[in-house]
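Keep the model open as you read.

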Amino acid sequence: MQAPTWLTEGAPHVWRPYCQMKTAPAPLPVARTEGCRIILEDGRALVDGIASWWTACHGYNHPHIRAAVQAQLERAPHVMFGGLAHEPAYRLASRLAKLLPGDLDHVFFAESGSVSVEIAMKMALQFWINRGVSGRTRFLSFLGGYHGDTLATMTICDPEEGMHSLFSGVLPAQHVVALPVDDASEAGLRAYLQENGPEIAAMLVEPRVQGAGGMLFHDDEVLRRLRAIADEFEILLVFDEIFTGFGRTGDLFACEGAGVVPDIITLSKALTGGTLPLSCAVASRRIFETFWSDRADAALMHGPTYMANPLACAAANATLDLFEDGSWRGRVAAIAEGLRAGLEPCRGLPGVVDVRVLGAIGVVEMQAPVPAGELSRRFAELGVWVRPMGRVVYLTPPFVVSAEELDRLTGAIRTLLSS
């Protein structure tokens, strides 16, 4: 296909994500999006199997979200949040507090998932400082986990399987251990905390699914174990629901379905339906109250320039409107059924070690890492957009994907893995 002028002129100046640009295939030029389709400049329409990194849960260009953003654009596209307030953010905070379980009532807005995790870490550290407790300066996270690419979040990602091994030794070491998936590993975690617990401010986990670390699933009993352990050792519990939040695993929030209330939860990605960047760290009343003080130095001194951007908050409110009638639950259940039927035949293919499905997440795990760039190109030739990572070829389609589109996605995976 003939590359458009904007691509050839801009390519020498754009630093692309997650690739060695010298050897990676050129990116596919996108003209527009609609529903579950990415339309390329040459007119080809690709069924998007990963919802633009798990964000476009309601599909692209949803008319309700688009109308909300257009209306807000006419009123105020942005205004600083320091010393000022606007309706989209305050209404969104109130709605999130009502939707989240327990007393997760206090919403701090940011722009990206990584930043929301850093804010949660900062909240956890200052929670202890404000209470006059010294020495709790480290974090505990879990093997297979991924929490972001910023400096602090890199330290709590899996040090072996993650993307940040180059920075080993540069940043302060954190505690990264095995998830307590059974009695033996739970005993191991308790023993570890007997020795190291007094220096740990919080433990962070992706509930139900460790996403970018390999689409690794664990059951809700793991989350209940973590809540009990956190309480026993007086450690804060942070749920990173940037991937799992907003319906992806079959419940609106994984913590809601598991019946476990963390001390802080981080949200992003599908929060705006894939329309605009927005994230938040939502704290429980117990956390917030340690910052509510007459002392100026007890305040959380943090404030991203574009925090609570009105356009993004308008998109998020529209996204929550679409979740309100509950019809998405049936669609996610149907997607799960379609993923099982379409991907299960891969189990017997050479190099495949596992096939697993949870909600609108379908995973084919390979024995060895796959060439993501090359496979993405071959998927595009079959009319779908699928971007493998590491050893997994996975699907996280929009919740509005049709049965025909889902069959096309799973069929493309079967075709390429069979060849």
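A quick word on terms: helices here are DSSP runs of H or I with at least four residues, and they are numbered from the N terminus. One more thing before we start: this is a predicted model.

With that in hand, find helix α4, which covers residues 87-99 and holds both Glu87 and Arg91. The two sit four residues apart, about one turn of the helix. Their side chains form a salt bridge, with the closest N and O atoms 2.6 Å apart. That pair belongs to a set of 25 salt bridges in the structure.

Now zoom out. Where they touch, domain 1 puts in 26 residues and domain 2 puts in 28.

How much area is buried between domain 1 and domain 2? It comes to about 2,300 Å², and carbon and sulfur atoms give 66% of that. On the domain 1 side, look for Trp54, His58 and Trp328: this trio supplies 28% of the area that domain 1 buries against domain 2, more than any other three residues.

The elements giving two or more residues to domain 1's side of the contact are α2 (51-54), α12 (327-343), β13 (352-358), β14 (361-366) and β16 (392-395). By class, that side has 18 nonpolar, six polar and two charged residues. As for salt bridges, the interface has one. Elsewhere on your tour, stop at Asp251 and Arg329, whose side chains meet in a salt bridge at 4.0 Å, N to O.

Last stop: the annotations. An unreviewed UniProt entry carries a "binding site" annotation covering Gly113, Ser114, Asp240, Pro304 and Thr305. These positions are spread over 193 residues of sequence, and in space they are also spread, up to 22.6 Å between C-alpha atoms. To get your bearings, pick out Ser114 in helix α5, which spans residues 113-130.

Technical notes: Residues are numbered from 1 along each chain as its sequence is written. This is a predicted model: local features need pLDDT of at least 70, side-chain atom pairs count only at pLDDT 80 or more; totals for chains, interfaces and linings use all residues. Side-chain values use heavy atoms; hydrogens and water are left out. Contact means heavy atoms within 4.5 Å. Buried area is the accessible area (1.4 Å probe) that two parts lose on being put together, summed over both. Ala, Val, Leu, Ile, Met, Phe, Trp, Tyr, Cys and Pro count as nonpolar, Asp, Glu, Lys and Arg as charged, and the others, Gly among them, as polar. UniProt positions are given in the numbering used here, feature names are shortened, and annotations may be inferred rather than shown by experiment.
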